[in-house]
Each structure stands twice: as C-alpha cells, then as structure tokens.
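Student: I have a model open and would like to learn how to read it. Can we go through it feature by feature?

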Amino acid sequence: MQATAYTYDPETRSGSVLLDDGTPVEFGADAFEAGGLLRLRPGQRVRIETEGSGAALRITLVTLQTF
C-alpha cells in the first residue's frame, strides 16, 4: 500500500502517514526501524505494510516508495 509521510519525530522515530483517501494513520518506531530508514520528511511517498482494518489498522513497515 502507498501513502504520504505526514509527520515524523526523529527523537521517537515515530510519526504518521496519510493514506490516499486522506485518512491519517500513525506508526511507531518498530515499523520505522523495520524499513531500515534513517529519516523521513513530510510529503515523501512511502510504501507501508499493515495489519488489521478499520480502527484496528496498524502499520508494521514503512519504506520509501520506489518505482
């Protein structure tokens, strides 16, 4: 799934993305570290992997979107 980075806190290594429908979804340090990223800037396109659905949707991986 693709999304757009919305927020990122380098101290906690957590943040949020906006799904393509505009829904914000938060991610924790574990999802950020699983993707091997060093930093993330708001507005970057990212690829995410998730578990669950609806209110229980959880991001498990955040990586940069490559074409």
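This is a predicted model: local features need pLDDT of at least 70, side-chain atom pairs count only at pLDDT 80 or more; totals for chains, interfaces and linings use all residues.

Student: What holds strands side by side in general?

Tutor: Strands of a sheet pair through backbone hydrogen bonds, in a parallel or an antiparallel way. Here S1 also pairs with strand S2, residues 14-19. That pairing is antiparallel, over six bridges. Look at Asp9, which stands opposite Ser14 in S2.

Student: Which strand pairs with S4 over six bridges?

Tutor: Strand S5, residues 58-64, joins S4 over six bridges, again antiparallel. Find Thr50, whose bridge partner in S5 is Ile59.

Student: What lies between S4 and S5?

Tutor: S4 and S5 form a hairpin with six residues between the strands. Gly52 takes a positive phi near 80 degrees in this hairpin.

Student: In what order do the strands lie in the sheet?

Tutor: The order is S3-S2-S1-S4-S5. It is an open sheet of five strands with antiparallel pairing.

Student: Which strands stand at the edges?

Tutor: S3, residues 24-27, and S5 do. Each has a single partner strand, so one side of each is left without a neighbour in the sheet. Neighbouring strands of this sheet are turned by 40 degrees against each other on average, direction ignored.

Student: How do the elements of the chain run from the N terminus on?

Tutor: They run β-β-β-α-β-β. That comes to one helix and five strands. The radius of gyration is 11 Å, close to the 11 Å that the globule rule gives for 67 residues, so the chain is as compact as a globular protein of that length. Its C-alpha trace spans about 30 × 25 × 20 Å along the principal axes.

Student: What share of the contacts joins residues at least 24 apart?

Tutor: Count contacts between residues at least 6 apart in sequence: 43% of them join residues at least 24 apart.

Student: Now the aromatic rings. How do I describe a pair?

Tutor: A pair of aromatic rings is described by the distance of the centres and the angle of the planes. This structure holds two aromatic pairs. One of them is Phe27 with Phe32, at 6.4 Å centre to centre and 15 degrees between the planes. That pair is stacked. Ring pairs also link Tyr8, Phe27 and Phe32 into a cluster.

Student: Are Phe27 and Phe32 buried or exposed?

Tutor: The cut-off for buried is under 20% relative accessible area. Phe27 has 5% relative accessibility, so Phe27 counts as buried. Phe32 has 0% and therefore counts as buried too. Across the chain, buried residues make up 31% of the 67 residues.

Student: What about the surface?

Tutor: The chain exposes about 4,200 Å², and carbon and sulfur atoms supply 51% of that area.

Student: Where is Pro42, and which residues is Pro42 in contact with?

Tutor: Pro42 sits in the loop between helix H1 (29-34) and S4. Leaving aside neighbours within four places in sequence, Pro42 is in contact with Ala5 and Tyr6.

Student: How far apart are Pro42 and Ser53 in space?

Tutor: They are 24 Å apart, C-alpha to C-alpha, and eleven residues apart in sequence.

Technical notes
Residues are numbered from 1 along each chain as its sequence is written. Side-chain values use heavy atoms; hydrogens and water are left out. Rings of Phe, Tyr and Trp (its six-membered ring) pair if their centres lie within 6.5 Å; planes under 30 degrees apart count as stacked, over 60 as edge-to-face and the rest as tilted. Buried means under 20% relative accessible area, exposed over 50%, partly exposed in between (1.4 Å probe, protein chains only). Two strands pair if DSSP finds at least two bridges between them. Helices (H or I, at least four residues) and strands (E, at least two) are DSSP runs, numbered from the N terminus. The radius of gyration is taken over C-alpha atoms; the globule rule is 2.2 Å times the number of residues to the power 0.38. Contact means heavy atoms within 4.5 Å. Accessible areas come from the Shrake-Rupley method with a 1.4 Å probe; for residues, only the protein chains shown count as cover. Axes are lines fitted to C-alpha atoms, for helices over the stretch in contact, and angles run from 0 to 180 degrees between N-to-C directions.
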